[in-house]
Amino acid sequence: MIELRNVYKTFTRKEITIDALKGIDLKVEKGDIFGVIGYSGAGKSTLIRLVNYLERPTKGQVFVAGHDLGAYSDKELRAAKKNIGMIFQHFNLLESKRVFDNVAIPLVLLKKSRDEIRKRVQELLEFVGLSDKAGSYPSELSGGQKQRVGIARALASNPSILLCDEATSALDPQTTRSILQLLKRINAEYNITVMIITHEMSVIQEICNKVAVMEEGQIIEQGSVLDVFGHPKHETTQNFVKTVIQNSMTSSVQKSIRAEHGSQIYKLNFVGESASEPILYGMIRACGIKVNILFANTTEIQEMTLGTMIIQLNGERAEINSALSFLKRNEVSVEEVKSYVLDNNNR
């Protein structure tokens, strides 16, 4: 549905060159809710503006629905962009026009009839829960209501792609959740592919099925949300994940660990059904090993449970290896955190 191939974007202002994007490769499948996350200046907003050609790549290709946007004539590009809706952080509503007229703007530009416009706008205002606000001005609306108007306007031309540039960052947490649920409903009911730019990992956790993490104009990690949350590899990704998931021991627990000869510490990740199965109990019975649970936590992501546990295994090397094999056979991801040997100074 959306594909960027080896995309670079360079800006030159007052003889200063800024490399905003550096060799981006990205693919968004039809039906995805794809999140792109990064700190300010990572290049994520530039990336999303390339998808609808508000910006053109310095190098590389942008494909939408299998077509290279760079190969289109101006007329063909205008037609292609009608298939891409966009909502913005600060709503971009016309303050002098009522809600009805703001939503109707794309339809007016498409030269639809008055009856078509009235029917479509009423349908969309009902969908976003603003049927009673058609005659209101933006200044009379809350932030969440303004964003709902922006979403209705973006949907007016029946796009197959919806781009969201920091669409919830100006909203309070409760309103953010309601907007995210609306986007999830749009994806499900209208079968619209959604691409979200954000700096909030909670947004990714709430509705995205895939995520790409950006830093300094590059994608440093990408994959399914479950994989990235469960096994963050890059330090930046790990820091984002920590904002929504507690997945490590506190310093007080670390200080209280008492080492035994040959003891080792492992982080276990459980996904889906394995998170609710008594796997640890089965391991103890099968392997006869001593286990000390140092930390445990579960989080729900996309209606799937992600469990994290940090344990200390005490036993002979053969017993520990047997326990690790048992865990892996039961589809538990195992990562060694730290090995301890008997140290009388720790006692």
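Is Asn 330 buried, exposed or partly exposed? Asn 330 counts as partly exposed, because its relative accessibility is 30%, where buried means under 20% relative accessible area, exposed over 50%, and partly exposed in between (1.4 Å probe, protein chains only). The model is predicted: local features need pLDDT of at least 70, side-chain atom pairs count only at pLDDT 80 or more, and totals for chains, interfaces and linings use all residues. Residues are numbered from 1 along each chain as its sequence is written, and side-chain values use heavy atoms, with hydrogens and water left out.

**Overall description**

- The secondary structure comprises 12 helices and 14 strands; helices (H or I, at least four residues) and strands (E, at least two) are DSSP runs numbered from the N terminus.
- Taken along the principal axes, the box filled by the C-alpha atoms is roughly 80 × 50 × 35 Å.
- The protein has 347 residues, of which 46% count as buried.
- The accessible surface comes to about 17700 Å², and 45% of it belongs to carbon and sulfur atoms; the areas come from the Shrake-Rupley method with a 1.4 Å probe, and for residues only the protein chains shown count as cover.
- Among contacts (heavy atoms within 4.5 Å) between residues at least 6 apart in sequence, 71% join residues at least 24 apart.

**The four-strand sheet**

- Four strands form an open sheet in the order β2-β1-β4-β5, with antiparallel pairing; two strands pair if DSSP finds at least two bridges between them.
- The edge strands of this sheet are β2 and β5 (67-68), each of which pairs on one side only.
- Strand β1 (residues 2-13) runs antiparallel to strand β2 (residues 16-28), and nine bridges join them.
- Within this pairing, Thr 12 stands opposite Thr 17 in β2.
- Two residues separate β1 and β2 in their hairpin, and Lys 14 in the turn has a positive phi of about 50°.
- Strand β1 is also joined to strand β4 (residues 59-64) by five bridges, again in an antiparallel arrangement.
- The bridge partner of Ile 2 in β4 is Val 64.
- In a regular strand the side chains alternate between the two faces of the sheet.

**The six-strand sheet**

- A second open sheet, of mixed pairing, has six strands in the order β6-β7-β8-β3-β9-β10.
- Strands β6 and β10 (218-224) stand at the edges with a single partner strand each, so one side of each is left without a neighbour in the sheet.
- From one strand to the next, the twist averages 15°; axes are lines fitted to C-alpha atoms, for helices over the stretch in contact, and angles run from 0 to 180 degrees between N-to-C directions.
- Helix α9 (residues 235-242) packs on the sheet and touches β3 (33-37), β9 (210-215) and β10, its direction making about 120° with that of β9.
- Strands β6 and β7 pair in the parallel sense over four bridges, and Ile 84 stands opposite Ile 161 in β7.

**Helix α5**

- Helix α5 (residues 143-155) has 13 residues, which at 1.5 Å a residue should span 18 Å, and this agrees with the 19 Å between its end C-alpha atoms; the expected span is 1.5 Å times one less than the number of residues.
- Because 11 of the 13 residues of α5 are buried, the helix is largely enclosed by the rest of the structure.
- The buried residues of α5 include Lys 146, Arg 148 and Arg 153, as well as Val 149, Ile 151 and Leu 155.
- The elements that cover these buried residues include β6 (84-87), α3 (99-109), α4 (114-127), β7 (161-165) and α6 (173-190).

**Lys 44**

- Lys 44 lies in helix α1 (residues 44-51) and is buried, because its relative accessible area is 5%.
- The side chain of Lys 44 reaches the backbone oxygen of Gly 38 at 2.9 Å; a polar contact is a pair of N or O atoms within 3.5 Å, and within protein one must be able to donate a hydrogen and the other to accept it, while residues adjacent in sequence count only if both atoms are side-chain atoms.
- Not counting residues up to four places away in sequence, Lys 44 touches several residues, among them Val 36, Glu 166, His 199 and Met 214.

- Ala 318 lies in helix α12 (residues 317-329) and counts as exposed, because its relative accessibility is 59%.
- The C-alpha atoms of Ala 318 and Cys 287 are separated by 9.7 Å, with the two residues 31 apart along the chain.
- Asn 330 lies in the loop between α12 and β14 (333-339).
- From C-alpha to C-alpha, Asn 330 and Met 283 are 9.8 Å apart in space and 47 residues apart in sequence.
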